[in-house]
Amino acid sequence: MKGFYRYLVGIIMPLLPETHCFALKRLLLRLTGAIIGKNVRICSSATFIGSGQLIIGDNTWIGHRCLISASSLIHIGANCDIAPNVYIGNGTHIITPRCERIASIEICKDIVIGNGCWIGVNSTILPGVEIGNKCVIAAGSVVTHSFISNCCLLAGVPAVMKKQLI
């Protein structure tokens, strides 16, 4: 049922002002079963789909045209900044060359983004990824595996750790 409510929220949210009515947007997402922290600010063009568990920590910003597709758990920490056009999704497939469809087996892998992270514009966070606290994901990066170190800069396709920030 969460998926249906998220679908309805997806119809209502774009009708709201892009960078206003944040309390109403939080309320709408909470009605879908999501756990949304205090002072979370979500742009109206952000899209939330799927029936998985969604947790967003306090004081997090979700930018314009982000797509968050929760098939299982997506946990975004507190004090995060997620730039426009970011994709975070945890549904994927097992490659099955002997079947008619090579992506015939669907699976979900949780995503956890630590506190204080900054995810740059046009970045992608793929299933099964865990990102440590205060990490920066450079614009256009594709994060394919976990980086549990804190305070690091990740960049590239696929993303690699470029440097430790402290």
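Author: Gladly, and let us begin with a term: a residue is called buried when its relative accessible area is under 20%, exposed when that value is over 50%, and partly exposed in between. Please keep in mind throughout that this is a predicted model.

Reader: What is a disulfide, actually?

Author: A disulfide is a covalent bond between the sulfur atoms of two cysteines.

Reader: How many disulfides turn up in the whole structure?

Author: A search of the whole structure finds zero disulfides. Cys66, for instance, takes part in none, and its nearest cysteine sulfur, which belongs to Cys43, is 7.6 Å away. Cys66 is also a buried residue, with a relative accessibility of 2%.

Reader: Changing topic, what about the sheet with E3 in it? In what order do its strands come?

Author: It is an open sheet of five strands, which come in the order E3-E6-E9-E14-E17 and pair in parallel. Strand E3, residues 47-49, and strand E17, residues 142-143, stand at the edges with a single partner strand each, so one side of each has no neighbour in the sheet.

Reader: How many bridges are there between E14 and E17?

Author: Strand E14, which covers residues 124-125, pairs with E17 in the parallel sense over two bridges. Within this pairing, Thr124 stands opposite Val142 of E17.

Reader: What about aromatic rings, how many pairs are there?

Author: The search of the whole structure finds two aromatic pairs. In one of them, the rings of Phe4 and Tyr5 have centres 6.1 Å apart and planes at 55°, so this pair is described as tilted. Phe4, at 44% relative accessibility, is partly exposed, and Tyr5 is partly exposed as well, with 38%.

Reader: Which residues make the edge-to-face pair?

Author: Those are Phe22 and Trp61, with 6.1 Å from centre to centre and 70° between the planes. This pair links distant parts of the chain, as Phe22 belongs to helix H2 (residues 22-31) and Trp61 to strand E5 (residues 61-62), 39 residues apart. Phe22 counts as buried, with a relative accessibility of 18%.

Reader: Which residues of H2 are buried?

Author: The buried residues of H2 are Phe22, Lys25, Arg26, Leu28 and Leu29. If you look down the axis of H2, these buried residues fall within an arc of 160°, so they line one face of the helix.

Reader: And what covers them?

Author: The cover over the buried residues of H2 includes helix H1 (2-12), strand E1 (35-36), strand E2 (41-42), E3 and E5. Just after H2 comes Gly33, which takes a positive phi of about 100°.

Reader: Which residues have a positive phi although they aren't glycine?

Author: Arg65 is one of them, with a positive phi of about 60°, and its place is in the loop between E5 and strand E6 (67-69). Arg65 counts as partly exposed, at 49% relative accessibility. Lys134 also has a positive phi, of about 55°, and is found in the loop between strand E15 (130-131) and strand E16 (136-137). With a relative accessible area of 53%, Lys134 is exposed.

Reader: Staying with loops, where is Asn90?

Author: Asn90 lies in the loop between strand E9 (87-89) and strand E10 (91-94), and it is buried, with a relative accessible area of 0%. Its side chain makes a polar contact of 3.1 Å with the side chain of Ser72. Leaving aside neighbours within four places in sequence, the residues in contact with Asn90 include Ser69, Leu73, Ile107, Asp110 and Pro127.

Reader: Last one: which residues does the cis peptide bond join?

Author: The cis peptide bond joins Val157 and Pro158, with an omega of about -5°. Pro158 sits in the loop between strand E18 (152-155) and strand E19 (160-164).

How values were computed: Residues numbered from 1 in each chain as written. Predicted model: local features only at pLDDT ≥ 70, side-chain atom pairs only at ≥ 80, totals over all residues. Heavy atoms only, no water. Pairing = 2+ DSSP bridges. Helix = DSSP H or I, 4+ residues; strand = E, 2+ residues; numbered from the N terminus. Disulfide = S-S within 2.5 Å. Buried < 20%, exposed > 50% of the residue type's maximum accessible area, 1.4 Å probe, protein only. Phe/Tyr/Trp six-rings, centres within 6.5 Å; stacked < 30°, edge-to-face > 60°. Arc of directions from axis to C-beta. Contact = heavy atoms within 4.5 Å. Polar contact = N/O pair within 3.5 Å; in protein donor to acceptor, adjacent residues only side chain to side chain.
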